[in-house]
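These are my notebook entries on one structure. I set down what I looked up, topic by topic.

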Amino acid sequence: MSALAAEGVGIDFGGVRAVDNVSFTTAEHGVTAIIGPNGAGKTTLFNMLSGVYRPGRGRVRLFGEDVTGEPPHRLAARGLSRTFQNLQIFFQMTALENVMVGNHLGERHNVWRHLLPLPGVFAEEKAARQAARKELQHVGLADVADRPASSLAYGMLKRLEIARALVAKPRVLLLDEPAAGCNATETEALSALIRRLAGEGLAIVLVEHDMAMVMSLSDRVVVLDQGRVIADGAPEAVRADPAVRAAYLGVEV
Ligand SMILES: Nc1ncnc2c1ncn2[C@@H]1O[C@H](COP(=O)(O)OP(=O)(O)OP(=O)(O)O)[C@@H](O)[C@H]1O
């Protein structure tokens, strides 16, 4: 069974056909990259896969179940988490507190439970703290758990975002440009982390502009151009595909 599948997915913005009839599936484990030139529709597709946008056409399936148009918190409860290209970090909070926020994403909110000193709330809080610490350790940030996020280097913040997505215990993790803004060392650390997470059994789908990272990390590459899939396959095959070269270089096939 595939982890995540798009079936003829599309959406228009006004007169712009941003994503058109996109279909692909991801394996239950491993790394799938979605690449393409600027404006190809990568972010829009990602937003449809993660429930931020409802597709105008087509279906999205998660482990075979139709989840088209389900909002992000429902998808989180079903095992799909994502990170954002623009960091969604609360800089005045500690690294640990930032990860604890992620723990609530898959829950139905019950404000009263947290306002009233009901039995069990403190135990829950303690468990959430422990789970968050574990995920910080998972991404190599255990040492900075109690530091304010504002004091962390950029590459650390990227890993903090991943820890926050992981605390919801996803089986599918969507990463929106994980290497954007990172230097070479930070990118290498992120690649190693992503590889390790895939090895632990996660299905990872990423949108990324850093081709060296994509080619070294991915099991599978899906290429979009003008909202459509123009290639889908192993990194080497995709790199050699004339349609992909043409899309990137503006050269006629
Ligand atoms: N909210 C929106 N309203 C109108 N048009 C949009 C909207 N979002 C995206 N588009 C258009 O849809 C097309 C695809 O954009 P999208 O941002 O998904 O591409 P992308 O591949 O992620 O590009 P980049 O690599 O530059 O981030 C573009 O023509 C873009 O201008």
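**Entry 1: Terms and source.** I call a residue buried if 20 or more other C-beta atoms lie within 10 Å of its own, exposed if 12 or fewer, and partly exposed in between, with C-beta atoms placed from the backbone. I take helices (H or I, at least four residues) and strands (E, at least two) as DSSP runs, numbered from the N terminus. The model is predicted: local features need pLDDT of at least 70, side-chain atom pairs count only at pLDDT 80 or more, and totals for chains, interfaces and linings use all residues. Residues are numbered from 1 along each chain as its sequence is written.

**Entry 2: Helix H6.** I began with helix H6, residues 154-166, and asked which of its residues are buried. I listed Leu-157, Lys-158, Arg-159, Leu-160, Glu-161, Ile-162, Ala-163, Arg-164, Ala-165 and Leu-166. Because 10 of the 13 residues of H6 are buried, the helix is largely enclosed by the rest of the structure. The 13 residues should span 18 Å, and the end C-alpha atoms of H6 are 19 Å apart, which agrees.

Entry 3: I looked next at Lys-169, which lies in the loop between H6 and S7. Lys-169 has a positive phi of about 60° although it is not a glycine. With 12 other C-beta atoms within 10 Å, Lys-169 is exposed.

**Entry 4: Strand S7.** Is strand S7 enclosed or open to the outside? Five of the five residues of S7 are buried, so the strand is largely enclosed by the rest of the structure. From S7, Val-172, Leu-174 and Asp-176 point one way, while Leu-173 and Leu-175 point the other way.

**Entry 5: Partners of S7.** I count two strands as paired if DSSP finds at least two bridges between them. Strands of a sheet pair through backbone hydrogen bonds, either parallel or antiparallel. S7 (residues 172-176) and S8 (residues 203-207) pair in the parallel sense over five bridges. In S8, Leu-206 is the bridge partner of Leu-175, and Ala-203 is that of Val-172. S6 also pairs with S7 in the parallel sense, over three bridges. There, Arg-82 stands opposite Leu-174 in S7.

I also followed the chain from S7 through helix H7 (residues 184-199) to S8, and these make a right-handed β-α-β unit. Right-handed means that, with the strands pointing away from the viewer, the path from the first strand over the helix to the second runs clockwise.

**Entry 6: The whole sheet.** In what order do the six strands of the open sheet stand? I read the order as S6-S7-S8-S3-S9-S10, with mixed pairing. The edge strands are S6 (80-82) and S10, each of which pairs on one side only. Neighbouring strands of this sheet are turned by 15° against each other on average, direction ignored. For this angle, axes are lines fitted to C-alpha atoms (for helices over the stretch in contact), and angles run from 0 to 180 degrees between N-to-C directions.

**Entry 7: The S9-S10 hairpin.** S9 (residues 220-225) and S10 (residues 228-233) pair in the antiparallel sense over five bridges. I noted Leu-224 opposite Val-229 in S10. This hairpin has two residues between its strands, and Gln-226 takes a positive phi near 50°.

Entry 8: I call a residue near a molecule or strand if its C-beta atom, placed from the backbone, lies within 6 Å of it. The residues around the ligand include Phe-13, Asn-38, Lys-42 and Thr-44. Strand S2 (16-25) and helix H1 (42-49) each give two or more residues to this shell. H1 gives the most, with three residues. The shell divides into four nonpolar, six polar and one charged residue. Here Ala, Val, Leu, Ile, Met, Phe, Trp, Tyr, Cys and Pro count as nonpolar, Asp, Glu, Lys and Arg as charged, and the others, Gly among them, as polar.

**Entry 9: Single residues.** Asn-21 is in strand S2. Its phi is near 55°, a positive value in a residue other than glycine. With 15 C-beta neighbours inside 10 Å, Asn-21 counts as partly exposed. Ser-2 is found in the segment before strand S1 (4-13). Ser-2 and Leu-62 are 60 residues apart in sequence and 7.7 Å apart in space, C-alpha to C-alpha.

Conventions:
The expected span of a helix is 1.5 Å times one less than its number of residues.
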